[in-house]
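Have the sequence and the 3D view open as you read.

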Amino acid sequence: MPTARDAQNLDMADPLYSRREKFLLPKEIVYLDGNSLGALSGRVPATLETVVRDQWGDHLITAWTEDDWWGAPLRIGDRIGRLLGAAPGQIVVGESTSVQTFNALVGAARLRPGRRLLVTDPDHFPTNRYLAESVARLCGLDVVAVPVPDVHGFLREQGEQVAVVSYGAVDFRTGRLWDMAEVTAAAHAAGAVVVWDLCHAAGALPVALDDQRVDIAVGCTYKFLSGGPGSPAFIYVARGHHDTFEPPLTGWHGHARPFHMEQGFEPAPGISRTRIGTPPVLSLLALEAALEVFDGVEMAEIRAKSLSLGDFLIECFDQHLASLGFELVTPREGALRGSQVTVAHPDAHALMRALIARGVIGDVRPPNMLRFGYNALYVSHADIHRAVTTLRDIALSGEHHDPRFTTPTLIT
Ligand SMILES: Cc1ncc(COP(=O)(O)O)c(C=O)c1O
Ligand SMILES: Nc1ccccc1C(=O)C[C@H](N)C(=O)O
């Protein structure tokens with residue numbers, strides 16, 4: 001029976017417990033939406049102040065060299081690479097995940113001319129599905145929607161037609177973690193190129209891009225990496241593809257000699273060819289400051305804590321929510337979970353709004369799912385206990401039926 005006392009004991013034994021102090025979280029809030037927008041790291045406000053006043057304000061245009069703004073996309077890419085099992089020189093940060101996804105999918109398709117299928121997940125995040133359709137039209141491919149569990153069979157039967165295999169490492173709705181190594185190996189056995197979306201994996205769990213021989217990956221930095229609203233996304237292209245990867249968005253920052261201002265596009269050597277245009281420097285440097293919370297921590301430690309939080313959440317669910325019409329959506333087995341637990345309830349939307357009014361922040365996704373994402377760097381077992389018992393109290397009292405919570409909103 002998980003009690004507040006159990007939560008406290010688990011927190012006392014948690015080696016990452018004090019990392020929470022590195023974040024500027026309101027004391028009274030339980031924050032379980034770091035899988036959508038990560039919390040504010042304490043280093044960010046002062047860094048932004050310096051970047052704005054000293055670098056932009058005083059150094060003006062010379063900051064591109066004096067403060068190495070120019071080098072930031074690769075420098076920060078390397079820093080993220082450490083968390084993703086990528087050796088330096090294979091990641092660029094800039095643009096949105098949607099833009100990076102477009103560049104990745106077209107670039108991947110161009111690596112396999114003559115093949116006509118783009119295989120993706122019918123449950124992939126909407127932007128990934130919409131972009132897959134558009135890329136397919138542009139490149140003369142057909143999109144085939146294949147759920148991850150069926151992809152091996154599909155590739156065995158029709159693999160020789162497949163150019164690109166594109167999946168998310170963690171399902172944004174259910175929190176289900178897929179086996180990246182297995183899917184990547186199956187794609188390679190069929191001769192296809194794999195593109196992973198790491199939005200819900202980067203900073204949440206260990207990823208082994210180089211070891212698993214992933215071809216291309218993209219991901220956002222505003223979730224578990226806590227880079228801030230709209231912080232730029234990253235693209236990874238494995239070194240072995242650098243000479244042949246042809247990005248469709250041939251912006252001047254990706255040119256071999258950007259300041260020569262030449263007529264034709266000649267891609268820069270290495271990962272720099274995936275640079276596009278001027279990145280959002282303030283966001284980029286805020287992200288760099290935010291990443292300091294990962295210094296001195298291994299992703300394995302973060303994973304161990306995240307698994308403990310997930311296990312504890314599921315124990316609390318069994319005790320407090322299972323009998324109240326809630327259903328557990330996320331797999332019970334830790335190895336099959338990202339850093340999120342999703343539960344379903346017909347009144348999901350109103351329940352979440354009532355929960356937020358009580359200081360516990362999660363979110364909802366259609367049709368009926370309440371999502372609880374837990375960043376191991378700042379969420380405690382006590383937070384999990386408070387979230388579940390508060391949700392139980394709301395469901396029992398029926399306070400979520402109040403019109404304040406039942407009227408539709410744009411977004412939770
Ligand atoms: C899997 C996945 N891909 C892409 C995105 C978003 O892309 P963008 O940052 O371009 O809005 C999200 C979340 O917003 C996501 O969960
Ligand atoms: N970028 C956002 C802007 C506004 C509100 C939510 C988002 C999210 O990131 C949603 C997230 N990708 C999800 O897994 O649903």
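This is a predicted model: local features need pLDDT of at least 70, side-chain atom pairs count only at pLDDT 80 or more; totals for chains, interfaces and linings use all residues.

**Domain contact**
- On the domain 1 side, 18 residues are in contact with 14 residues of domain 2.
- Helix H10 (299-320) and strand E10 (340-344) are the elements that give two or more residues to this side of domain 1.
- H10 gives the most, with four residues.
- By class, the domain 1 side that touches domain 2 holds eight nonpolar, seven polar and three charged residues.

**Helix H6**
- H6 covers residues 126-139, which is 14 residues.
- From first C-alpha to last, H6 reaches 20 Å, close to the 20 Å expected at 1.5 Å a residue.
- Its buried residues are Asn128, Leu131, Ala132, Val135 and Ala136.
- These lie on the same side of H6, because they cover an arc of only 140 degrees around the axis.
- Their cover includes helix H5 (97-111) and strands E3 (117-120), E4 (142-145), E5 (162-168) and E6 (193-197).
- Pro126 and Arg137 are exposed, on the face of H6 turned away from the buried side.

**Ligand 1**
- The shell around ligand 1 has 13 residues, and the closest are Ser96, Thr97, Ser98, Phe125 and Cys199.
- H5 and H6 are the elements that give two or more residues to this shell.
- The shell around ligand 1 divides into five nonpolar, seven polar and one charged residues.

How values were computed
Residues are numbered from 1 along each chain as its sequence is written. Chains are lettered from A and ligands numbered from 1 in the order in which they are written. The expected span of a helix is 1.5 Å times one less than its number of residues. A residue is buried if 20 or more other C-beta atoms lie within 10 Å of its own, exposed if 12 or fewer, and partly exposed in between; C-beta atoms are placed from the backbone. The arc is that of the directions from the helix axis to the C-beta atoms. Two residues are in contact if their C-beta atoms, placed from the backbone, lie within 7 Å. A residue is near a molecule or strand if its C-beta atom, placed from the backbone, lies within 6 Å of it. Ala, Val, Leu, Ile, Met, Phe, Trp, Tyr, Cys and Pro count as nonpolar, Asp, Glu, Lys and Arg as charged, and the others, Gly among them, as polar.
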